[in-house]
Protein chains: 2
Amino acid sequence: MVKLMDAIVKEPFDREKQFAAKRRAVIASAGQAFRRKGYHNISMVEIAKTLGLSKAALYYYVSNKEEVLFECHLMTYDAMDAILKTKPSSVTNTLDYLQALYIDFVRLLTQSGVSLLTDVDSLTDDNKAFVISRRNKIERKIIRLVKEGQKDGSIRAGDARLIVFFFMGALNWLNAWYDTSGRLVDEDIARHFGEQMRAGIAA
Amino acid sequence: MVKLMDAIVKEPFDREKQFAAKRRAVIASAGQAFRRKGYHNISMVEIAKTLGLSKAALYYYVSNKEEVLFECHLMTYDAMDAILKTKPSSVTNTLDYLQALYIDFVRLLTQSGVSLLTDVDSLTDDNKAFVISRRNKIERKIIRLVKEGQKDGSIRAGDARLIVFFFMGALNWLNAWYDTSGRLVDEDIARHFGEQMRAGIAA
DNA sequence: CATAAATTTGACTCTTGAGTCAAATTTATT
DNA sequence: AATAAATTTGACTCAAGAGTCAAATTTATG
């Protein structure tokens, strides 16, 4: 068995970096599993074995299962925030910009290992609240963009919240079928989703 | 506490009907709970208490938890099949028909207690396969419709499968946020989703 | 190559929740 | 009211999986 963890060794040998990197690898790998089978259908032992570790070793990097789920969510929202920081490249209108963002979101979910997790209800109340607030923050940002687009005439009228829920739903659902329909090319999905999203809201 | 089960008494007194009705009530109530908190975050005891029963009584109607989840899925797909049986009312083109179907789907999810369940991975392999095959059947039917629409010129070109995944995703995701955003009116959601779906695929 | 810190492990404990069952209770019917 | 079937229950068993810990092993560095 190839031990995933071996790959991560950094050079001058910084213990903290090493540890942090392995920890990240643990979270990421667990995230994959959570997405594929669901949080409760995957055990810590399985997660450990996938990485070539024993359960006890896993707990050296992580203090409990829920923490892992929590950090998975954080990783995803960090990545989305990063995309949202991108400024509109030039004179494009809001619709164009929104479409570009959306395509980046799709790419994030298909190409990187990052996934939009669902099992929010399995989180502690505190963590759940935190994760939801981050999601809301992103949602609000996009809603604001839609409203702008409605002002500058590039996006058609209608409840901005519903408009956003619709296409963000399509995005969220991606993870549910993406794994199992291999014959679709990532970039094709991104392009197509970008177009269908745009057509759905263009003025 | 109001015992939900009391409401269901039928008249001439048919034992089988009575039993079947209560059983359905159990499944439906459990389905609500599954949707709200997730299959694994709700115990059989909780489901029982919601109905004013003890766990043991619950097991009089149902042989195990997984069976309940399975039947929830079946109920949903039955309802969707029923909608899909609706023939296009008159001379409308395929796009109009598809939009009408879609609006009915949204209504199904917002107005009735029926919900699109996610925890497919918590099912037995057999049941999982069965449920997925039913979902695929529905998906294929809709894909076929899209292709028809592309032929008759009402729907724009593009990979029919991706087109369907997109708007069905928006639909699936409804359940995730619907509960918690009460200020939206059901019929508004249906109308809006219908429009955005149509605009996204119209030729 | 000695050593101290970092990492890993096997073998545990403990909790939660699914599922069972014999006995108690309720109900429709005579 | 008596009774037989249907329904409900309390009090169990059992398995799975999360989390712990002292001891063993590996590793970077002098």
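**Where the domains meet**

Glu67(A) and Arg23(A) join their side chains in a salt bridge, 3.2 Å from N to O. A salt bridge here is a side-chain nitrogen of Lys or Arg within 4 Å of a carboxyl oxygen of Asp or Glu. The rule finds two salt bridges across the interface of domain 1 of chain A and domain 2 of chain A.

The model is predicted: local features need pLDDT of at least 70, side-chain atom pairs count only at pLDDT 80 or more, and totals for chains, interfaces and linings use all residues. Residues are numbered from 1 along each chain as its sequence is written, chains are lettered from A and ligands numbered from 1 in the order written, and side-chain values use heavy atoms, without hydrogens and water.

Now the domains themselves. In chain A, domain 1 covers 4-62 and domain 2 covers 67-201; such bounds come from an automatic or database domain assignment. Their centres, taken over C-alpha atoms, lie 27 Å apart. Each domain brings 14 residues to the contact, where contact means heavy atoms within 4.5 Å.

Next, the area. About 1,200 Å² is buried between the two domains, and carbon and sulfur atoms give 62% of that. Buried area is the accessible area (1.4 Å probe) that two parts lose on being put together, summed over both. Of the area that domain 1 buries against domain 2, Ile27(A), Arg35(A) and Tyr39(A) supply 49%, more than any other three residues.
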